[in-house]
Amino acid sequence: MIRLQREPCPPGVIRLPGGRPVAVLLASVGLITTLLTIVLAVVPTDDEPHKGLAVAKVIGSTCLLVGAGIAVFLTRSRRRET
């Protein structure tokens with residue numbers, strides 16, 4: 001989003017009002033919101049009996065999903081090269 005602000009706008013595309021400063025602000029808000037959500041998802045509730053296990057499950061499943069996404073990406077990129 002930020003890089004696209006310096007490229008010419010194709011016909012029929014509506015640019016974000018405010019230009020680059022607003023794009024940087026919106027991208028920063030999105031990044032901070034996402035990071036805060038990830039941190040809060042790892043924190044177990046007070047009534048959780050096995051806090052370590054709950055944290056390990058969240059982190060483990062996150063790593064599994066990210067790893068699956070990377071595997072799909074690498075598989076598709078290798079198929080495109082051949």
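**Notes on the model**

Reply: Gly19 counts as partly exposed because its relative accessibility is 22%, where buried means under 20% relative accessible area, exposed over 50% and partly exposed in between, with a 1.4 Å probe and protein chains only. The model is predicted, so local features need pLDDT of at least 70 and side-chain atom pairs count only at pLDDT 80 or more, while totals for chains, interfaces and linings use all residues. Residues are numbered from 1 along each chain as its sequence is written, and side-chain values use heavy atoms, with hydrogens and water left out.

Me: Which helix is Gly19 found in?
Reply: Gly19 is found in helix H1, which covers residues 19-42; helices (H or I, at least four residues) and strands (E, at least two) are DSSP runs, numbered from the N terminus.

Me: And how far is Gly19 from Ala68, C-alpha to C-alpha?
Reply: The C-alpha atoms of Gly19 and Ala68 are separated by 36 Å, and the two residues are 49 apart along the chain.

Me: How many helices and strands does the protein have?
Reply: The protein has 2 helices and 0 strands. Its radius of gyration, taken over C-alpha atoms, is 20 Å, well over the 12 Å that the globule rule gives for 82 residues, so the protein is more spread out than a compact globule. That rule is 2.2 Å times the number of residues to the power 0.38.

Me: What box do the C-alpha atoms fill?
Reply: Taken along the principal axes, the box is roughly 55 × 40 × 15 Å. Buried residues make up 5% of the 82 residues.

Me: Where is Val66, and is it buried or partly exposed?
Reply: Val66 is found in helix H2, residues 51-81, and Val66 is partly exposed, with a relative accessible area of 49%. Between the C-alpha atoms of Val66 and Thr45, 21 residues apart along the chain, the separation is 24 Å.

Me: Which side chain does Thr45 join in a polar contact?
Reply: The side chains of Thr45 and Asp47 are joined by a polar contact of 2.6 Å; such a contact is a pair of N or O atoms within 3.5 Å, where within protein one must be able to donate a hydrogen and the other to accept it, and residues adjacent in sequence count only if both atoms are side-chain atoms. Asp47 has its place in the loop between H1 and H2, and Asp47 is exposed, with a relative accessible area of 66%. The C-alpha atoms of Asp47 and Ala23, 24 residues apart along the chain, are separated by 41 Å.

Me: What about Arg6, buried or exposed?
Reply: Arg6 counts as exposed at 63% relative accessibility, and Arg6 is found in the segment before H1. Arg6 and Arg20 are 14 residues apart in sequence and 8.1 Å apart in space, C-alpha to C-alpha.

Me: Changing topic, how many disulfides does the structure hold?
Reply: The structure holds 0 disulfides, a disulfide being a pair of cysteine sulfur atoms within 2.5 Å. Cys9 counts as partly exposed at 35% relative accessibility, whereas Cys63 counts as exposed at 51%.
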